[in-house]
Amino acid sequence: MIKAKYPLDKFSEIQTPFYYYDLDVLRTTLDEITLHAKKNDFHVHYAMKANVNSSVLKVIKEAGLGADCVSGGEVEAALNAGVSASKVVFAGVGKADWEINLGLENDIFCFNVESVPELEVINELAAVKNKCANVALRINPNVSAHTHHYITTGLSENKFGINMSDLDHVIDLFPSLKNVKLIGIHFHIGSQITDMTSFQGLCVRVNELQQYFITKKIKLEHINVGGGLGINYEHPNHFPIPDFEAYFKIFRDHLQLLEHQTLHFELGRAVVAQCGSLISRVLYIKQGSSKKFAILDAGFTELIRPALYQAYHHIENLSSDLPTEPYDVVGPICESSDTFAKGFVMNETKRGDIIALRSAGAYGEIMASQYNLRKLPKAYNSDELLK
Ligand code: LLP
């Protein structure tokens, strides 16, 4: 089994905090994805929002994945990394005109359209360029993802996608929109989904909608079921690679593709989360009235997930094998929410110890901020440090 390796001797020479990517873990993850996707003839677009670190992107591009983008910046980053425009999908509820134009100029594979006004603007901008844009309708399937409410996207109360009750109206518009071509439908119900029945529910809804499009005599070339596959944050060493085989099997068994239709996925977290760690040093151990605080030099400016989603990240003291003790592991930011974990049991910790916050490869570095005028974290990878 692949396990992240930490070059502690090298870490001790580097200014903390920083992100560290084990590219062998990433490569093994990608091997699993491509093996099972190829078997099923599925197409995977990497959700760029999870991490655009250049060494990470390079490995993902080499594995042949496409890109799922939600901003002009991400479209640019995907193209600069060498991803073919024919594998770029572009979603997002608020695409600005320059972002749409960027997609049009590069002839990206598809715009995932989230509203009628957006569809009309894409049509207008494509007309100016004398082009015809490929579009997929992002449909809000009203399927629960059973995950944190901040990362649930497929319920009718969420801002994403076109409601099923509005589909008749949207479809009636197409004959008058000469510069867009409807080629598919798109869904994304949420993120960090570990209850596989949620994906089964999505398949059932997609099958129903396929019947609807048949009655409307509309031929769809592709179905895009988004991303969302969760990872094991509790045991990153035991479960470093998500079960892609089981995940893809759900869609193979439950989603009824029509002839010539292709199935697309937009995986982010499941691709990159386990290859990344935030590496930090312990600044102080402070005795509180009833507990000990381990104060790190990393805070929510480097990894915001615990503060924002009450997310759990496994914490490892790489420098200690002393008996364990509970600590509140906190950062230096002037906010009480700057807490990575409360009562976390880890090896006895002292000033200067090196700490790894695990499973931080997705939505870690990319969500860093400069609050408190802190510096954005640097990043290193195993190819450079393990040589
Ligand atoms: N496709 C669309 C349209 C999305 O909105 C997302 C994620 C994905 C694909 C990729 O989902 P994934 O496979 O990574 O679950 N910052 C949050 C996660 C936000 C996800 C937003 N959308 C976190 O740290 O948990």
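How many nonpolar, polar and charged residues does the shell around the ligand have? The shell has six nonpolar, seven polar and six charged residues, where Ala, Val, Leu, Ile, Met, Phe, Trp, Tyr, Cys and Pro count as nonpolar, Asp, Glu, Lys and Arg as charged, and the others, Gly among them, as polar. The model is predicted: local features need pLDDT of at least 70, side-chain atom pairs count only at pLDDT 80 or more, and totals for chains, interfaces and linings use all residues. Residues are numbered from 1 along each chain as its sequence is written, and side-chain values use heavy atoms, with hydrogens and water left out.

**Ligand site**

- The ligand is surrounded by 19 residues, and the closest are Ser191, Glu266, Arg305, Tyr309 and Tyr363; a residue is near a molecule if one of its heavy atoms lies within 4 Å of it.
- Strand 10 (262–267) and helix 11 (305–309) each contribute at least two residues to this shell; helices (H or I, at least four residues) and strands (E, at least two) are DSSP runs, numbered from the N terminus.
- A polar side-chain atom of tyrosine 309 is 2.7 Å from a nitrogen atom of the ligand.
- An N or O atom in the side chain of tyrosine 363 lies 2.6 Å from an oxygen atom of the ligand.
- For arginine 269, a polar backbone atom lies 2.8 Å from an oxygen atom of the ligand.
- The protein buries 92% of the 590 Å² that the ligand exposes when taken alone (accessible areas come from the Shrake-Rupley method with a 1.4 Å probe; for residues, only the protein chains shown count as cover).

**Domains**

- The domain assignment gives domain 1 (23–273) and domain 2 (274–385), with bounds from an automatic or database domain assignment.
- The contact between them takes 26 residues from domain 1 and 24 residues from domain 2, contact meaning heavy atoms within 4.5 Å.
- Taken over C-alpha atoms, the centres of domain 1 and domain 2 are 32 Å apart.
- Between them the two domains bury about 2,200 Å², 52% of it on carbon and sulfur atoms; buried area is the accessible area (1.4 Å probe) that two parts lose on being put together, summed over both.
- Each domain supplies at least three residues of the shell around the ligand.

**Asparagine 237**

- Asparagine 237 is placed in the loop between strand 9 (222–224) and helix 9 (244–254).
- Apart from neighbours within four places in sequence, asparagine 237 contacts Met1, Lys3, Glu316 and Arg358.
- The side chains of asparagine 237 and arginine 358 form a polar contact of 3.0 Å (a pair of N or O atoms within 3.5 Å; within protein, one must be able to donate a hydrogen and the other to accept it, and residues adjacent in sequence count only if both atoms are side-chain atoms).

**Backbone geometry**

- Most residues other than glycine have a negative phi, and most peptide bonds are trans.
- Threonine 16 and proline 17 are joined by a cis peptide bond, with omega about -5°; proline 17 is in the loop between helix 1 (8–11) and strand 1 (18–21).
- Lysine 217, which is not a glycine, has a positive phi of about 60° and sits in the loop between helix 8 (197–215) and strand 9.
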